[in-house]
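Hi everyone, thanks for making time for this. I'd like to walk you through a structure, so let me put it up on the screen.

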Amino acid sequence: MKRNIVIATIAAAALIGGGTATALAVSGDEEAPAKKSNVQVSNDDTGRDDDANVNDTDDNDANDDADDKAEDKADAAEDKAAKDTGEDAEDKAENAADAKVAQVDAADAIKAALKNTKGTAVSADLDDEGTKHVWDVDILTNGGAWHSVQVDPANGKVVGSHVDRDDDGDDAAETAQIRAALKGSSVTAAEAAEAGAAKGTVTSVDLDEESTDKAWEVDTTAANGAGSDWRVNPDSGKITADRSND
């Protein structure tokens with residue numbers, strides 16, 4: 001009895017192992033010469049990293065370094081533009097001494113003054129009154145009265161408060177102008193002081209209600225006594241150099 005047997009085991013093994021298959025065909029009792037199969041299997045497990053050629057632009061250190069350098073350059077230009085170039089050695093020494101006194105910063109002094117007198121802080125100045133320094137904070141109450149509140153820069157305590165008298169009769173007009181400048185503003189005097197603190201010790205915060213581009217004016221002092229003048233946008237809080245004296 002003739003049997004037709006096709007042995008495919010080797011071909012199957014070739015498919016699994018990635019080799020070239022050789023199949024044997026046997027017809028009856030006669031052996032046919034071995035023939036090579038055309039089936040070839042490629043081995044994908046070659047250790048190749050499929051992501052090796054992927055360019056990851058998110059981790060491009062060169063671009064990050066360039067951005068950082070550009071930002072540093074812009075900051076340096078702002079710092080240079082804000083510096084008060086008219087100061088001499090005596091002015092700088094006085095500024096440095098004033099800055100050392102302010103252990104309580106402008107923002108905290110304003111907050112302390114507002115706890116004492118409710119209203120809107122419009123300015124804060126580190127003043128030398130006789131033998132000691134005080135923060136002098138001007139507050140406009142909801143009723144339209146002006147209060148001057150003195151805060152000790154050493155401990156943040158209120159040491160004095162009084163109502164400002166309208167000696168020249170122009171308080172009503174000034175008050176209306178200030179209210180108009182503050183209308184819609186989202187940045188307070190304390191927040192403007194906090195923005196300026198990133199540039200140095202704040203020694204003065206004042207609302208510029210007269211210019212067309214309303215802003216908080218902030219004066220800062222560096223450790224060496226060099227002064228700088230800044231403007232803080234009352235809507236965004238962005239701080240830029242005050243170039244009005246350029």
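I'll talk about a surface patch, then a pocket, then a salt bridge. Please keep in mind that this is a predicted model.

Asp61, Asp64, Asp65, Asp67, Asp68, Glu71, Asp72 and Asp75 form a negative surface patch. If you want to find Glu71 on the screen, look in helix H2, which covers residues 61-82.

The largest pocket holds about 170 Å³ of space. It is lined by 13 residues, and those closest to its centre are Asn95, Thr203, Asp219, Thr220 and Thr221.

Last, salt bridges. As a reminder, side chains of opposite charge can pair when their charged atoms come close. The whole structure has 5 salt bridges, and I'd like to show you one of them. Here the side chains of Lys111 and Glu194 meet, at 3.2 Å from N to O. This pair links distant parts of the chain, 83 residues apart. Lys111 sits in helix H4 (residues 106-116), while Glu194 belongs to helix H6 (residues 189-196).

Terms used
Residues numbered from 1 in each chain as written. Predicted model: local features only at pLDDT ≥ 70, side-chain atom pairs only at ≥ 80, totals over all residues. Heavy atoms only, no water. Patch = residues over 30% accessible without salt bridge, like charges linked within 9 Å, V, L, I, M, F, W, Y side chains within 5 Å. Areas by Shrake-Rupley, 256 points an atom, 1.4 Å probe, with all protein chains shown as cover. Salt bridge = Lys/Arg side-chain N within 4 Å of Asp/Glu carboxyl O. Lys, Arg positive; Asp, Glu negative; His and termini not counted. Charge placed at Lys NZ, Arg CZ, Asp CG, Glu CD. Helix = DSSP H or I, 4+ residues; strand = E, 2+ residues; numbered from the N terminus. 1 Å grid on protein atoms, 1.4 Å probe; cavity = no way out; pocket = protein on both sides within 12 Å on 5 of 7 lines; lining within 4 Å. Points joined across faces, edges and corners; volume = space filled by probe spheres on them.
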